[in-house]
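Please read these notes with the model open beside you. They go from the whole chain down to single residues.

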Amino acid sequence: MIWLSLLGALAWSAPSQATLPPVVVATFTRCLDAKDRPELAPSMCAHMTVPLDHRMPDNRQLSLFVRKFPAGTRPNGQLWLIAGGPGEAGSSFYPFLASLRKAAPGYDLMIPDHRGTGFSTRMCETEESIGSAGGPALVGAEWASCFASLNMDASRTRAFSSSNAAYDLRALIDGFSQGGPTFLYGVSYGTQLVLRTLTIAPPRRLDGVILDSLVPPETSAVWDLSHRSAVVDAVGRRVLAQCDRTPSCRASLGGSASAAMHDVLIDPALRGVLGENPKYLFGAMLDVPEVRARIPAILSDLRQGTATSWTEAKLRLAQIVNTLLPYPQSNASIPLVGLISASENNARPALSDTVVAQEERDFLFASPLPGLLTRSGFPLYERDGAFGRLPSRTPPILVLHGTLDPKTPIEGAAAQIAMLRKSGTVTLVTVTDAPHFLLFTAPGCLVPAVRRFLTHRRARRSSCRSGPDQPARGSD
């Protein structure tokens, strides 16, 4: 193990930037939903009014929501938690408050909703409102009316960009700062947003950055969302290869796990059992260690004509999703997912359904994301000058990444880290066999690493082992 000295207890000083347009900051008050669930009881809520477009401000504004879980009367500092997606609300962190408290004892936990998500202003304000027919999710006729409104006001639609979200984040951190140590934690797309913020709108004070499941470089032409199925398939085949290296697992399938998987997918007798897109469901199983571990048993049962394990795995995935999304604002914003994904994270804008189908034929595991990129249905925005850039200098950065991440591959994270090390100190903690979102899938590895980083302002390059026994909730 190699200990790295970072920057001690001194805060990183942000480069000078242009002054933000005026914002209106409200104070924290007791949350209206504090009585709805026990974990929300101590939370305080606030809204901030910001320009619709920070770089071309006019009289149009939107509202940003932030929830604070106070640490006490004299907090050690603030830890800002930036959700992934794009399109996920900050509520994706609420199920993991116990782990976050252990990782950041004494810190106020600050959880904003990106513009377009949660209780912040939505792209389709009527159709995505909490009180609409489907709540934040679009249902029935809401799809048509939502997309019609996005096309009618293209300039407003295009303002829901990553760069504007970065300016939002600076406004929030500076506006609600208490002057003490300040850390940023981003997961998945949240890591992209954090890096964009450091590049174009760094807060006045930032003592360190934690990146969970780091995205690859924005200019990548092999790890972008149009290649997500290839990324998922590569990880899935590594999982099957682990079975091949275990004599008992290989024997249960009568040989190669990949061959068994192929046989199951092409077996006409199983089409009614597996449904229309079994490769997508097998791909989703890779996200949860306990379900991923069942794949060999599922294949063995299916080859014997038994669908019990397959059905149980689907049920378990549904249970976990329901556990993680119990809040009224939890549903991801599909318009925001489509806007940012297609505008910024698609290296093949000419991608067609035909190409997607051709590529999927060669895969054992796949993702529906490439297919969604072929049909946005509303105005996209041009990549701005911040795309592909990284900050000229950074505070200390801790990266935590799983070696079996089917969304942000470890190879892409390594490429991003190599570029970030030109600007500052970056420490990587790899979690063997872990998938995506380590706060969820490997809290036993993440919590001590984050706590050490926050406490000592330094991190140790290391590895940690994850496995199917890792909890599926936010406890460790």
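How many helices and strands are there in the protein chain?

1. The protein chain has 19 helices and 14 strands; helices (H or I, at least four residues) and strands (E, at least two) are DSSP runs, numbered from the N terminus. The radius of gyration is 22 Å, close to the 23 Å that the globule rule gives for 476 residues, so the chain is as compact as a globular protein of that length. That radius is taken over C-alpha atoms, and the globule rule is 2.2 Å times the number of residues to the power 0.38.

2. On the basis of these values: this is a predicted model, in which local features need pLDDT of at least 70 and side-chain atom pairs count only at pLDDT 80 or more, while totals for chains, interfaces and linings use all residues. Residues are numbered from 1 along each chain as its sequence is written, and side-chain values use heavy atoms, with hydrogens and water left out.

3. The C-alpha trace spans about 65 × 55 × 45 Å along its principal axes. Of the 476 residues, 56% are buried (under 20% relative accessible area; exposed is over 50%, partly exposed in between; 1.4 Å probe, protein chains only).

4. Contact means heavy atoms within 4.5 Å. Taking contacts between residues at least 6 apart in sequence, 79% join residues at least 24 apart.

5. Helix α4 covers residues 162-175, which is 14 residues. From first C-alpha to last it reaches 20 Å, close to the 20 Å expected at 1.5 Å a residue; the expected span is 1.5 Å times one less than the number of residues. Because 13 of its 14 residues are buried, α4 is largely enclosed by the rest of the structure.

6. Where does Y94 lie? Y94 is in the loop between β7 (77-82) and α1 (97-103). Its relative accessibility is 1%, so Y94 counts as buried. Leaving aside neighbours within four places in sequence, Y94 is in contact with E39, L40, F65, R67, F69, I111, Y327 and Q329. The C-alpha atoms of Y94 and A41 are separated by 12 Å, and these two residues are 53 apart along the chain.

7. Is S300 buried or exposed? S300 has 13% relative accessibility and therefore counts as buried. S300 belongs to helix α12 (residues 295-303). Not counting residues up to four places away in sequence, S300 touches S252 and L253.
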